[in-house]
Each structure stands twice: as C-alpha cells, then as structure tokens.
2 protein chains.
Amino acid sequence: MTEAPSFDVFQPHDHRRCRKEALAAVLAECSARKLRLTPPRRCVLEALLEEHRAMTAYELLDRLREAGLGSQPPVVYRALDFLLANGFAHRIERLSAFVACTHGEGAHEAVFLVCRACRQVAEASLPALARNLEAEASEHAFRVERVAIEVEGLCARCAGAGA
Amino acid sequence: MTEAPSFDVFQPHDHRRCRKEALAAVLAECSARKLRLTPPRRCVLEALLEEHRAMTAYELLDRLREAGLGSQPPVVYRALDFLLANGFAHRIERLSAFVACTHGEGAHEAVFLVCRACRQVAEASLPALARNLEAEASEHAFRVERVAIEVEGLCARCAGAGA
DNA sequence: CCAAGTTTGTTACGTTATAACAGATCGCGA
DNA sequence: TCGCGATCTGTTATAACGTAACAAACTTGG
Ligand SMILES: [Zn+2]
Ligand SMILES: [Zn+2]
Ligand SMILES: [Zn+2]
Ligand SMILES: [Zn+2]
C-alpha cells in the first residue's frame, strides 16, 4: 500500500510476499489513522489479497460465511464501504466487482487494466491523464469529484492462450 | 451523431433542434449502413434523446410499455444492445444507466462527465488521453479492447444550486 | 410462396445492492 | 468501574439490474 509495486501483477511474482506486505501496510495505515480493521473488514481484505482478481460482493460474502462472520449482503457491502473509502480496495465498475489496492496510500484514483478473460486487474497511476481531464472538465465548468478509468482487454497470458 | 455538438450539453441550448438532428443523423446512418431502427429500438432512442440525462434500463422499459411495445426486460436490453453496438448510445457504468450519443459516428469511445446530482452527461473526446493509455498498457503487455472513462462530479448548475 | 435469418415477446430466474431496525461492541468521561 | 454516545454487526425483507431459453412474428432473397 505504501508505494507502487515494483512488479507487474500480470507477470509471475512472489505473491506470498506481495500479499503479506499489502496486509502489513494496511495494518500500519489503520494504526496511524486510527481506523479499525475489524474481523469482517479484515476477512474481506484478505480474500481480495489472495489474488489480483476482481471478486464480486457475493464471492466475498461466501468467505465471510465460511469464517462464521455473518451471511447477509449488508455485512459484505459495509466491509467494502470501509475498504473503498480508505483506499484499501477499489471497485471495478465494469465488472461490479472489487480488487485490493496495490498502489497508493489513502483514498485515491487510478487507471485499471482489466483482463476480460481472467479478471485480473493491474493498477496504474497516470497523472498526465488526470491533468488532461481537468482541462476538459473546466471547459464544461464541471467540478470533478471522482474519476474512473477502466481499460478492458486481455492480459499477455490470456492473449497468448488464444482467447 | 455526425459531428461533435457545437454546444455544451450542460448549458441551456436549443434542445428541440439537438434532439431532431440527432434522430435524423441516426436515421441517415442506419440507412447508409443497412441497419434497422425498428420500433422498440427507435422508442428507446427517442426516450434517451429527450434529455441529456442517463436513464436506467427499467425507466426505458416503462417507455416501451407505454408505447405498447413489450413490457419485459429482454426487450429493452436488446434494443440497448443494438444502440450501444452501433454507437448510438453509451452505457454509463458508474450509474448502470444509458445516454444517447452526442458525439461520434459508428462505435466509439469517449470521456463522460457525469453530474451526480442531475445525472446529465456530457461526452468529450480526448485522443491525447487515449495515447497515454496505450503507452501505459503496452508496458504491461496488455491488449486494449475497450476504454471507459467516467468523471463524476457536479455540473455548473448543480454546483451553483449548493449541492 | 418458401426457407433462412433476424427480431420480438414471454416466462422464469440469477445477480447486485440497499432500507430499516435490533443487538453487540467500543471508547471515553464521570 | 460504570454508564453513555457512537460505531459496528447482523438480520429480514425487498428493490434494482440483467440474462437464459424458447416460441412466434417478421424480413429478405430465391
Ligand atoms: Zn501479487
Ligand atoms: Zn488475463
Ligand atoms: Zn440537447
Ligand atoms: Zn448537474
């Protein structure tokens, strides 16, 4: 969480470490910002950290159920609200699904590269792009609050597999 | 449809003309490309052209019902499939809703400025941004197929109204 | 007219998300 | 340590969004 990963999530990498460091970073940030990573929130976060794949709310709810932490939709949506609001996870609008953040600190925006075959998601920042958007918006006298940029396609592996 | 509008949809404008020209452009393009703007498709398009506001599939279905053109969800989703596939309308992922195209010709992508208060949507093109994205994607060996850029915020009118 | 392809319309169902409320837990000051 | 307000958890119920599968109607070209 504390800095951009030095690897590409679409490439093979030491994901055990990736996951462990991401969790540690969230714990540190919660501690620093006096946020409570309660059991359902942590359960959802850990499920998201297992893979760089977007998961639906109901897949995450299954994890909560298995962990004995409640079995109804509001539980998972509230945990997600917390994670999204604090920049620990992102919503992929295109998929109505969620991924753990691999990138920033605090609430932030990013560009998501979303593989339509394996649903893995890479997160990139693109400040130049944000400046372009600001210029465009100001021509319309539009006050920007949130930017969602989602690029759908195929990751190298899935493209290679002949999808 | 045939060219970018010379006005900003967030500003007051001659919307009767705006709507009439958009419909004429779609009719022309259907004729040129041998596409069939059948009654349900036209009904949905006209509903979308009434305002520059994103409408949900079920709002559009109500229009079909009123027009006696079927009352079940698949009817509206199929009409939308046609309009989206041919670039006559766009889906706003953030809202799970749809707007008429004000911009291009044929299937195309754009940047959407979405007012969270009035749900009006302005469409802008941003080729520079697309080039940025391509560069980003190629670093990840990612094959881009679709790009969705949605900017949420407040239009000048809604910001003025103290939202 | 006939056959093939496309479009329409229906039933039924699956998925995603939220409202409303009761009970549990936490943090803090008396 | 005890209470008290705020936050969080968990439930029921329901709303909103979307699709599979199939039969009937229409369109187009021979
Ligand atoms: Zn990893
Ligand atoms: Zn992939
Ligand atoms: Zn207009
Ligand atoms: Zn507005």
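Along the sequence, the residues that hold the zinc ion (ligand 3) are spaced H-x1-H-x2-C-x33-H. In this predicted model, the four are H13(B), H15(B), C18(B) and H52(B), and their donor atoms sit 1.9 to 2.4 Å from the metal.

The zinc ion (ligand 2) is held through the SG atoms of C115(A), C118(A), C155(A) and C158(A), while the zinc ion (ligand 4) takes the SG atoms of C115(B), C118(B), C155(B) and C158(B). For ligand 2, the spacing along the chain reads C-x2-C-x36-C-x2-C, and for ligand 4 it reads C-x2-C-x36-C-x2-C. In chain B, C115(B) comes from strand β3 (residues 111-115) and C155(B) from the loop between β5 (143-154) and α6 (156-160), so this pair ties together parts that lie 40 residues apart in sequence.

Here are the numbers for the zinc sites:

| Site | Donor distances | Donor angles | Geometry |
|---|---|---|---|
| zinc ion (ligand 2) | 2.1 to 2.5 Å | 97 to 127 degrees | tetrahedral |
| zinc ion (ligand 4) | 2.1 to 2.5 Å | 96 to 129 degrees | tetrahedral |

Now for the helix packing, beginning with chain A. Helix α1(A) (residues 15-33) packs on α2(A) (residues 39-49) at about 150 degrees, and their axes are 10 Å apart. An angle over 145 degrees counts as roughly antiparallel, so that is how α1(A) and α2(A) run relative to each other. The crossing of α1(A) past α2(A) is right-handed. On the α1(A) side, the contact uses H15(A), R19(A), A22(A), L23(A), V26(A) and L27(A), and α2(A) answers with R42(A), L45(A), E46(A) and L49(A). By class, the residues of this α1(A)–α2(A) contact split into six nonpolar, one polar and three charged.

Helix α2(A) also packs against α4(A) (residues 73-85), with an angle of about 75 degrees and axes 9 Å apart. That angle makes α2(A) roughly perpendicular to α4(A). P40(A), R41(A), V44(A), L45(A) and L48(A) of α2(A) touch V75(A), V76(A), A79(A), L80(A), F82(A) and L83(A) of α4(A). Here the tally for the α2(A)–α4(A) contact is ten nonpolar, no polar and one charged. L45(A) turns up in the contact with α1(A) and again in the contact with α4(A).

What about α2 and α4 in chain B? Helix α2(B) (residues 39-49) meets α4(B) (residues 73-85) at about 75 degrees, with the axes 9 Å apart, and the two are therefore roughly perpendicular. From α2(B), the contact draws on P40(B), R41(B), V44(B), L45(B) and L48(B), facing V75(B), V76(B), A79(B), L80(B), F82(B) and L83(B) of α4(B). Sorted by class, the α2(B)–α4(B) contact has ten nonpolar residues, no polar ones and one charged.

Technical notes. Residues are numbered from 1 along each chain as its sequence is written. Chains are lettered from A and ligands numbered from 1 in the order in which they are written. This is a predicted model: local features need pLDDT of at least 70, side-chain atom pairs count only at pLDDT 80 or more; totals for chains, interfaces and linings use all residues. Side-chain values use heavy atoms; hydrogens and water are left out. Axes are lines fitted to C-alpha atoms, for helices over the stretch in contact, and angles run from 0 to 180 degrees between N-to-C directions. Helices (H or I, at least four residues) and strands (E, at least two) are DSSP runs, numbered from the N terminus. Angles under 35 degrees count as roughly parallel, over 145 as roughly antiparallel, 65 to 115 as roughly perpendicular and the rest as oblique. A crossing is left-handed if the near helix is turned anticlockwise from the far one by less than a right angle, and right-handed if clockwise. Contact means heavy atoms within 4.5 Å. Ala, Val, Leu, Ile, Met, Phe, Trp, Tyr, Cys and Pro count as nonpolar, Asp, Glu, Lys and Arg as charged, and the others, Gly among them, as polar. Donors are N, O and S atoms within 2.8 Å of the metal (3.2 Å for Na, K and Ca); water is not among the atoms, so sites may look incomplete. Four donors count as tetrahedral if all angles lie between 85 and 135 degrees; four count as square planar and six as octahedral if opposite donors are over 155 degrees apart and all others between 65 and 115; anything else is irregular.
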